[in-house]
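Please work through each task before reading its solution.

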Amino acid sequence: MFTLSEGIINSHPGGTQAILRWGGRDATEEFDMIHPSETLKQIEDSYLGTVEPQEQPIADSTPEEITQAPLSTLLNLDEIEAAATKVISKKAWGYYFSAADDKISKHLNTQAYRLILFRPRVFVDCRTCELETDLLGHKVGLPIFVSPTAMARLGHPAGEKGIAKGCRSFGGLQIIANNSSLSPEEIVANAPSTQIFGWQLYVQLKRQLSESMLARVNRLDRIKFIVLTLDAPVSGKREDDERINIQANTAASVSTQLFAGTDPSLTWADTLEWLSQHTAKPIVLKGIQTHEDSILAARYAPLVKGIVLSNHGGRSLDTAPPAVNTLLELRKYCPDVFDKVEVWVDGGIRRGTDAVKALCLGAKAVGIGRPALWGLAAGGVEGVERTLQSLLPSKVWICLLLT
């Protein structure tokens, strides 16, 4: 164990209490769930000495032995989430499950798909159906991608690297979260040349921090594009996360700590100009929630290659519209946007039929965020694979409805 200088304590993005509450105790497990291993190297100059722990770490609230159903018996995403909830810590559950305020947007994200009905056509040959597609010019095995999901190691030691391995057998695309619990280098290490990644960017108030990360990401050939996230300029009021924080008497919720230092002052022209100066990789804008902003984004093509319609899983601004509603807006008011940039959607996908509806409406791909985390927590790499597999039985419907 070690002690830290006053400088690092006062500059800690998560606040001073996030460090001080662990004074004199072994914080290794708590640290590893949230921070990439490289973080320790970045603060080596702040070591002052060693201390001996005076008490045992706080025990995890998860029971030591829980009877877990075999993954093969979990037939849908709700069952996978329920299985994961039984085995993860309260802290992990609070962060993964939480959404802003009354969780209206979170629930509407899923309900909106239920209100859209198919118009199936008949006499269509459904013997074969190929799920492969091209996203930003790269071939992927299916039109479903993993959205940026932070803190994967809260739920399972494999973390984001486990999600990457789970995507691999499907040829699936993964967008690496800015606040991943593993470094981008660790996540893409040993990935085959055919596996595609994107990297999410939260622009920091200290721009040099973002510029430094962009420089690293630019050197990683496996990462093909940058996803600038716009739907969470500040942390949402995620009460489930905050409640766990209060019950545990901790300094700040996971969400609050992660958003510390994020720049809330981004603008169209200035931010895109700045970003274009620090990366030559294609830029995708995540968090478009109106057809008006979709039109604005398309005006920045070809600098902007794609947009992700998303309300951040309902975690930022409650009562923001579901992504599929925004997709319907685009079809009605500005269908030419689909010809200028790739349109992806994110949030609320719980069934393969949900994905098909978005594809029928013109989306090039659909993203899942929480489901990947629940799958990882429920069964590691195999749990992620089970999550993706559960969305695929409707592949014949894709053939039938997109014909």
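Predicted model: local features only at pLDDT ≥ 70, side-chain atom pairs only at ≥ 80, totals over all residues.

Residues are numbered from 1 along each chain as its sequence is written, and side-chain values use heavy atoms, with hydrogens and water left out.

**Exercise 1.** Determine where H312 is found and whether H312 is buried or exposed.

*Solution.* Step 1: the unreviewed UniProt entry carries the annotation "active site" at H312; such annotations are given in the numbering used here, with shortened feature names, and may be inferred rather than shown by experiment. Step 2: H312 is found in the loop between β10 (304-309) and α15 (323-333). Helices (H or I, at least four residues) and strands (E, at least two) are DSSP runs, numbered from the N terminus. Step 3: the relative accessible area of H312 is 11%. Buried means under 20%, exposed over 50%, and partly exposed in between (1.4 Å probe, protein chains only); H312 is therefore buried.

**Exercise 2.** Identify the side chain with which the side chain of H312 makes a polar contact.

*Solution.* Step 1: contact means heavy atoms within 4.5 Å. Leaving aside neighbours within four places in sequence, H312 is in contact with Y202, T229, D231, A232, R238, F259 and K286. Step 2: a polar contact is a pair of N or O atoms within 3.5 Å; within protein, one must be able to donate a hydrogen and the other to accept it, and residues adjacent in sequence count only if both atoms are side-chain atoms. Step 3: the partner is the side chain of D231, at 2.7 Å.

**Exercise 3.** Describe the pairing of β10 with β9 and with β11.

*Solution.* Step 1: two strands pair if DSSP finds at least two bridges between them. Step 2: β9 (residues 283-288) pairs with β10 in the parallel sense over five bridges, and V284 has G306 as its bridge partner in β10. Step 3: β10 and β11 (residues 342-346) run parallel and are joined by four bridges, with I307 opposite V343. Step 4: five of the six residues of β10 are buried.
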